[in-house]
Amino acid sequence: GSAEASGKQVLFAGPAVTVQICSSTNGSVLQISDLATPILVTVQANRSAAPEARCVYWDSSLQAWSDSGLEEIEPYIPDGPLTCATTHLTTFAALIFPSALDQLECMNIKIVLELADLTWAVADRTIMLWV
């Protein structure tokens, strides 16, 4: 699946996991944050298929995925999960943030050429750099 983080399209490297503690008296979800000792959260991600996956959490105040305050725990296990240390509880996931170059590689250059007048690109004394 895919989602957005800070306005950028991202891909899930595995299913999200919600970690919460409920009150034993009324069953309401307790808000846990600023723990003195971080806890480890493990999310499933095929690290060999998505080595660039990062651990993120759902920031309900921003309504976006964030990696702020999370620390990825080693060791890196190619086919294993992604483990991160956190001081709060929420929903966690492993996300892949495609680079701009990856996104450009997916574009059909013919469509780009049809949409824009690129006659300057073939004129004398024109230098084009393709990265």
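How do the residues of the lining of the second largest pocket divide into nonpolar, polar and charged? They split into eight nonpolar, seven polar and one charged. The structure is a predicted model.

**The pocket**

The second largest pocket holds about 260 Å³ of space. It is lined by 16 residues. Those closest to its centre are Gln-31, Ser-60, His-88, Leu-89 and Thr-90. Two elements each give two or more residues to this lining: strand S5 (29-30) and strand S7 (54-59). Of these, S7 gives the most, with three residues.

**The strands**

S7 pairs with strand S11, and the sense is antiparallel. Four bridges join S7 and S11. At one point Val-56 has Ala-93 of S11 as its bridge partner.

S11 covers residues 91-96. How many of its six residues are buried? Five are, so strand S11 counts as mostly covered, buried being under 20% relative accessible area.

S11 has a further partner in strand S3, residues 17-18. This pairing is antiparallel too, and runs over two bridges.

| Strand paired with S11 | Sense | Bridges |
|---|---|---|
| S3 (residues 17-18) | antiparallel | two bridges |
| S7 | antiparallel | four bridges |

**In brief**

S7 takes part in both topics. It gives three residues to the lining of the second largest pocket, and it pairs with S11. S11, in turn, pairs with S3.

Terms used:
Residues numbered from 1 in each chain as written. Predicted model: local features only at pLDDT ≥ 70, side-chain atom pairs only at ≥ 80, totals over all residues. Heavy atoms only, no water. 1 Å grid on protein atoms, 1.4 Å probe; cavity = no way out; pocket = protein on both sides within 12 Å on 5 of 7 lines; lining within 4 Å. Points joined across faces, edges and corners; volume = space filled by probe spheres on them. Nonpolar A, V, L, I, M, F, W, Y, C, P; charged D, E, K, R; others polar. Buried < 20%, exposed > 50% of the residue type's maximum accessible area, 1.4 Å probe, protein only. Pairing = 2+ DSSP bridges.
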